[in-house]
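Here is a short briefing for anyone meeting this structure for the first time. Take a look at the sequence and the model, then read on through the points below.

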Amino acid sequence: MVIGLSHFLVLSAIVFACGLLTILLKRNAIGILMGIELVLNSANINLVALNRYWHAGPGAVAGKPLLDGQVFALFVIVIAAAEAAVALAIFLNFYNNFASVDVEKAKMLKG
């Protein structure tokens, strides 16, 4: 069995759906952050897979794969790491004030 582009796209769609469901159904802020990471990872799967299969055509240089998708995936990983660091700092401060990371209690932050 040859693994093709459609397999990667299906995997990406499944990971995206899991991340979206996690974001929508979780009340815990850490769970929501994990859902966001799943969505970003599904984008990375798409970027790398599409780069691999679209650049294997006649425009690609033989023996030298283009790295556009991998470079974009690296940017997404860096952005995800920065987002996680900022979000965890916010959640830690929120936990210090409310002794919980339940996002329903965030309504109390309104002025």
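Asn51 counts as buried, at 6% relative accessibility; buried means under 20% relative accessible area, exposed over 50%, and partly exposed in between, with a 1.4 Å probe and protein chains only. Asn51 sits in helix α2, where helices (H or I, at least four residues) and strands (E, at least two) are DSSP runs numbered from the N terminus. Leaving aside neighbours within four places in sequence, Asn51 is in contact with Leu66, Leu67, Asp68, Gly69 and Gln70; contact means heavy atoms within 4.5 Å.

This is a predicted model, in which local features need pLDDT of at least 70 and side-chain atom pairs count only at pLDDT 80 or more, while totals for chains, interfaces and linings use all residues. Residues are numbered from 1 along each chain as its sequence is written, and side-chain values use heavy atoms, with hydrogens and water left out.

**The overall chain**

- The protein chain has 3 helices and 0 strands, and its pattern along the sequence reads α-α-α.
- Of its 111 residues, 23% count as buried.
- Among contacts in the protein chain with a separation of 6 or more, 56% are between residues 24 or more positions apart.
- The protein chain exposes about 7,800 Å², and carbon and sulfur atoms supply 74% of that area; accessible areas come from the Shrake-Rupley method with a 1.4 Å probe, and for residues only the protein chains shown count as cover.

- An unreviewed UniProt entry carries the annotation "transmembrane region" for residues 6–25, 32–51 and 71–95; its positions are given in the numbering used here, feature names are shortened, and annotations may be inferred rather than shown by experiment.
- Residues 6–25 are 100% helix and 0% strand, with the end C-alpha atoms 28 Å apart.
- Residues 71–95 are also 100% helix and 0% strand, and here the end C-alpha atoms are 36 Å apart.

**The nonpolar core**

- Which residues make up the largest nonpolar core? They are Ala29, Leu33, Ala87, Phe91 and Val101, 5 residues in all.
- Helices α2 (29–54) and α3 (68–98) each supply at least two residues of this core.
- A nonpolar core is a set of buried Ala, Val, Leu, Ile, Met, Phe, Trp, Tyr and Cys residues joined through side-chain atoms within 4.5 Å.
- Phe91 lies in helix α3 and counts as buried, at 18% relative accessibility.
- Not counting residues up to four places away in sequence, Phe91 touches Ala29, Ile30, Leu33 and Val101.
- Phe91 and Val101 are 10 residues apart in sequence and 6.6 Å apart in space, C-alpha to C-alpha.
- With the residues up to four places away in sequence again left out, Leu33 touches Glu83, Ala84, Ala87, Leu88 and Phe91.

**A salt bridge**

- A search of the whole structure finds 1 salt bridge, meaning a side-chain nitrogen of Lys or Arg within 4 Å of a carboxyl oxygen of Asp or Glu.
- Arg27 forms a salt bridge with Asp102, and their closest N and O atoms are 3.3 Å apart.
- This pair links distant parts of the chain, 75 residues apart: Arg27 is in the loop between α1 and α2, and Asp102 is in the segment after α3.
- Arg27 counts as partly exposed, at 48% relative accessibility.

**A patch on the surface**

- Phe16, Leu20, Leu21, Leu24 and Leu25 form a nonpolar patch on the surface, with about 520 Å² of accessible area together.
- Patches are made of residues with over 30% relative accessible area and no salt bridge, with like charges joined within 9 Å and nonpolar side chains (Val, Leu, Ile, Met, Phe, Trp, Tyr) within 5 Å.
- Leu24 lies in helix α1 (residues 5–25) and is exposed, with a relative accessible area of 63%.
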